[in-house]
Amino acid sequence: MTARSAKAATLRPVRRPSTARKPRGGRTPGGLRGLHTRLKRAWDRPLTAYYLILGGSLLITVLGLVMVYSASQIKALQSGLAPTYFFRKQLLAAVLGGGLLLAASRMKVRLHRGLAYPLLAVSVFLMCLVQIPGIGVAVNGNQNWISLGGPFQMQPSEFAKLALVLWGADLLARKQDKRLLVQWKHLLVPLIPVAFLLLGLIMLGGDMGTAIILTAILFGLLWLAGAPTRLFVGVLGAATLIGALLIKTSANRMSRLACIGATDPGPGDQCWQAVHGIYALASGGFFGSGLGASMEKWGELPEPHTDFIFAITGEELGLAGTLSVLALFAALGYAGIRVAGRTEDPFVRYAAGGVTTWITAQAVINIGAVLGLLPIAGVPLPLFSYGGSALLPTMFAIGLLIAFARDEPAARAALAMRQPVFGRRQAGVRWKTMRRRVKKRPSGER
């Protein structure tokens with residue numbers, strides 16, 4: 001071997017064996033399997049629930065404002081009001097609700113627990129005021145409103161939902177810390193009597209829809225507390241019996257029950273609202289008739305901006321719009337269940353589960369009534385329908401979920417890593433600035 005060949009041999013790069021693990025079967029990861037792996041990894045990140053709750057709730061609220069503006073213009077003109085009347089009131093409520101959401105998301109858990117008893121007491125007091133003649137206001141046959149002066153009214157029963165969630169979560173958490181939930185009497189008392197007090201005050205005004213939501217929250221809390229099957233079935237049977245009795249003794253509720261799946265208005269047009277809701281959905285097609293182009297809101301469909309706003313959404317935005325709304329509520333419900341399932345704090349678990357039960361149950365009841373699968377209960381679509389009394393406590397409840405999602409240890413660590421500390425140098429990090437670096441001059445030099 002010559003000197004030149006020996007030198008070339010020493011300069012020749014040495015190929016090292018690859019240390020990368022080959023996938024099984026000799027195939028590189030990609031395609032659907034690789035996409036599934038990446039999606040699963042992203043879905044399991046610590047901040048997934050936080051972003052789903054924040055983004056989903058904001059998207060529902062913004063889309064709800066758009067649909068309230070579109071669905072309420074004709075109703076406002078028929079009432080002799082400006083076309084933007086209902087939209088401006090809803091926008092004001094959304095701004096106030098955004099402040100409540102931000103405040104609730106920044107509050108500590110102990111402060112949330114401290115609000116439980118005052119909020120419950122205020123809710124009971126206001127619902128008692130509703131029944132006093134001259135103070136309570138009847139709307140659509142239900143006396144469950146209080147006039148605040150001018151065009152503003154408040155429905156205290158909406159705040160009772162939030163009060164039951166916070167108070168019930170605090171009560172069950174304290175009993176769990178003392179290991180008292182293994183006894184039936186501690187599961188039932190005082191949770192059931194207080195819930196029945198709220199239900200009784202609501203039913204005095206005739207609002208059975210809100211009473212159904214409150215009952216769903218109660219069952220959600222009992223389920224999370226690990227109530228035995230016999231106890232759960234017993235309470236459910238008693239609630240079903242009472243509900244059937246209340247429906248049987250009211251001709252209006254019986255007519256609503258008879259309109260399930262109706263395709264004809266029937267005698268006396270008793271199913272007019274249910275049938276025209278189906279008409280609105282059917283005429284929307286896949287992509288709708290266009291924003292603002294609904295025909296049913298021209299006096300054919302009652303309450304197009306409140307209870308039946310989902311029908312107007314289907315008519316103007318089509319199947320794509322309604323499926324988008326359903327997907328947003330499904331994401332919000334999944335995120336709430338994830339927060340409740342991953343926490344070690346019993347209060348956070350009960351409160352997150354109660355809020356999730358409240359929002360999902362109300363959405364299912366509203367959408368089910370519009371689709372003709374459930375009786376019309378007169379409850380709004382959360383964060384979507386017109387109504388400040390319903391929007392304010394719901395946005396505060398969303399703020400609760402955001403605070404709980406941020407409070408997870410992994411989420412706190414992830415958020416801390418994403419927040420740079422300005423004004424001081426971090427180890428291993430050099431911050432680029434617009435200021436030119438000036439060399440230090442020796443002493444005595446000008």
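Three strands form an open sheet in the order β1-β2-β3, with antiparallel pairing. The edges are held by β1 (136-139) and β3 (153-154); each has a single partner strand, so one side of each lacks a neighbour in the sheet. Strands pair here if DSSP finds at least two bridges between them. Helices (H or I, at least four residues) and strands (E, at least two) are DSSP runs, numbered from the N terminus. β2 and β3 pair in the antiparallel sense over two bridges. I146 stands opposite M154 in β3.

This is a predicted model: local features need pLDDT of at least 70, side-chain atom pairs count only at pLDDT 80 or more, and totals for chains, interfaces and linings use all residues. Residues are numbered from 1 along each chain as its sequence is written, and side-chain values use heavy atoms, without hydrogens and water.

| Element | Residues |
|---|---|
| Strand β2 | 142-147 |
| Helix α14 | 309-342 |
| Helix α15 | 346-370 |

The largest nonpolar core has 111 residues. Such a core joins buried (under 20% relative accessible area, 1.4 Å probe, protein chains only) Ala, Val, Leu, Ile, Met, Phe, Trp, Tyr and Cys residues through side-chain atoms within 4.5 Å. I53, L222, I398 and F404 have the most contacts inside this core. Helix α15 gives the most to this core, with 13 residues.

L326 lies in helix α14. At 36% relative accessibility, L326 counts as partly exposed, the class between buried and exposed (over 50%).
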